[in-house]
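Here is a short briefing for a first look at this structure. Keep the sequence and the 3D view side by side as you read.

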Amino acid sequence: MTTQRTGAAPNGDALDAGVLKVASVVVLGAIMAILDTTVVNVALQKLTIEFSTSFDVIQWVATGYLLALATVIPVTGWASDRFGTKRLYMLAIVLFLAGSMLAGAAWNIETLIVFRVLQGFGGGMLMPCGMTILTRAAGPQRIGRVMAVLGVPMLLGPIGGPILGGWLVDAVSWRWIFFINVPIGIVTLLLSWRLLPKDEPEAAGRFDFIGMLMVSPGLAALIFGVSKIPSAGGFGAVEVWLPVLAGVVLLVAFVVRALRVPNPLVDLRLFKNRSFTIAMVTMSLFFVAFLGGMMLLPTYFLLVRGETTLHAGLLLAPQGFGAMIMMPITGRLADKVGARRIVLPGMVLLVGSMAMLTQVTATTPYWILLSALFVMGLGMGCTMMPITTSALQTLQPKDMARASTATNIVQQTAGAIGSAVMATILAALLAGKFGVPTAQGQLAATAAIFNPETHTAATGLAADAFSTTFVWSLVLVVLCVIPALFLPKSRPAVPSSSEGDEVTPPVMVH
């Protein structure tokens, strides 16, 4: 199998069979990585009992995976150039597979945490590397459509994860939340070897080892500290502010150094591109606002409405359906018009649906909730991937690996911050209503709701806390409109390669 370049995309800007084959491989890898960030959360209680440990210790099953992701993502851009994206993608699958098999066979909590970290190293490379492969295969003129394809698993993961995890834990065994990755991973590995276009390593420059010692631990420390805010009850706890401060210092030091050295680990020169910078700012605010709000929904169904984990996941399905309807449409539009014309109407839909959720009570009819979620999904389909498309459309093909790395760093960090902020606001409101310290707010609400004598009053108080938290989420979504106003109004010109090569996609010849 060899590769060659073609001068024009088949059928105009349509995704041809070669790109669709590449997309199928990348989507399978993305499904594995994203599902695993959510499917484990529903099993934490079961794992606590299984290994006779505390909830603080068992949280490291999720936290260790997240920190491994954050640590390895910054290295992915350099490694993609140095070793080739196909090789790196297959290595990521192998690491993820090994971690999954070992985690499923774990014999104590310590080994489970270690194997989850190994899994996270593979998972952290899958998304940025897969995004690079897909955008290079499609070319700048079709980035909107391939981003729409890649967006489907990103949206379905938070919805399908709790459903799949709840069913596996209840009906089979907790070990199968890890073993389920094995057949998917083997198929993805074989398809990667067969279908992904072979790419040769490029001159990646000298590896920025000092930069890695700054940005990877800095990012991990920042995310770790932020993730501890809800359980610690606020920013004042040492386990929160100390790692956050250390992370910020390391990241600031990295930025100062990266502006002075020729080949930094994360290429900050990308931010000289106005479209890329505006898209990154918009994306940061969007992930803080929206992912934080998304985290509240399953908790509302579980705590206030008394639904099972499986039913809570199913109730979130309209959100995924709305996004799936809109994404193919906005993917086509993103390749023809400017991101602003797509994102701003999407923001209006998000603001409207979030405003509906600010009125939730303990007895809000389900048809109203499901309608709001469907509209929210439509808004998601108009916003998340078009923003990413706007960031990548004006870049050179040679910059895609570093840009994909920067994009994933922003998404991981902003998502962690958003989830922590909303969880802290909710915990503080619950604590105020139930008269306990912030860190005990959700526990106190749960105890009162499960007490038959206080159930009715407690569900009302908890619903009030959720509606007020949704107000904060609504405010943050409205703030996203400000940078979105500066997104490109018209489709940017397709960049030409500075090296004289055409930027049209590689096609495979057997």
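Thr-85 counts as buried, because its relative accessibility is 5%, under the 20% cut-off. This residue sits in helix 5. The model is predicted.

**Thr-85 and its surroundings**

- Which residues does Thr-85 touch, not counting residues up to four places away in sequence? Its partners are Ser-80, Cys-129, Thr-132, Ile-133, Arg-136 and Asp-199.
- Helix 5, the place of Thr-85, covers residues 85-104.

**Helix 5 against helix 6**

- Helix 6 spans residues 109-138 and packs against helix 5.
- The angle between this pair is about 155°, and the two axes lie 7 Å apart.
- Helix 5 is therefore roughly antiparallel to helix 6, because angles over 145 degrees count that way.
- The crossing of helix 5 past helix 6 is left-handed.
- What kinds of residue make up the contact of helix 5 with helix 6? There are 16 nonpolar residues, eight polar ones and two charged ones.

**Helix 13 against helix 17**

- Helix 13 runs over residues 274-303, and helix 17 over residues 366-392.
- Their axes come within 10 Å and cross at roughly 155°.
- Helix 13 and helix 17 are therefore roughly antiparallel to each other, since the cut-off is over 145 degrees.
- Helix 13 and helix 17 cross in a left-handed way.
- The contact of helix 13 with helix 17 holds 19 nonpolar residues and five polar ones. It has no charged residues.

**The chain as a whole**

- How many helices and strands does the chain have? Its secondary structure comes to 20 helices and two strands.
- The chain has 510 residues, and 56% of them count as buried.
- Consider the contacts between residues at least 6 apart in sequence. Of these, 84% join residues at least 24 apart.

**Cysteines**

- How many disulfides does the structure hold? The number is zero.
- Is Cys-382 buried or exposed? Cys-382 counts as buried, because its relative accessibility is 7%.
- Cys-480 also counts as buried, because its relative accessibility is 1%.

- Helix 10 covers residues 209-227, and Phe-209 lies in it.
- Phe-209 and Val-75 are 134 residues apart along the chain. Their C-alpha atoms are separated by 9.6 Å.
- Ala-221 is found in helix 10 too.
- Ala-221 is buried, because its relative accessible area is 17%, and the cut-off is under 20%.
- Where does Ala-221 make contacts, leaving aside its neighbours within four places in sequence? Ala-221 is in contact with Pro-243, Val-244 and Gly-247.

**Helix 12: Val-252**

- Helix 12 is made of residues 238-258, and Val-252 has its place there.
- Val-252 counts as partly exposed, because its relative accessibility is 46%.
- Val-252 and Gly-218 are 34 residues apart in sequence. From C-alpha to C-alpha, Val-252 and Gly-218 are 9.0 Å apart in space.

How values were computed:
Residues numbered from 1 in each chain as written. Predicted model: local features only at pLDDT ≥ 70, side-chain atom pairs only at ≥ 80, totals over all residues. Heavy atoms only, no water. Axes fitted to C-alpha atoms, helices over the stretch in contact; angles between N-to-C directions. Helix = DSSP H or I, 4+ residues; strand = E, 2+ residues; numbered from the N terminus. Parallel < 35°, antiparallel > 145°, perpendicular 65-115°, else oblique. Left-handed = near helix turned anticlockwise from the far one by under 90°. Nonpolar A, V, L, I, M, F, W, Y, C, P; charged D, E, K, R; others polar. Disulfide = S-S within 2.5 Å. Buried < 20%, exposed > 50% of the residue type's maximum accessible area, 1.4 Å probe, protein only. Contact = heavy atoms within 4.5 Å.
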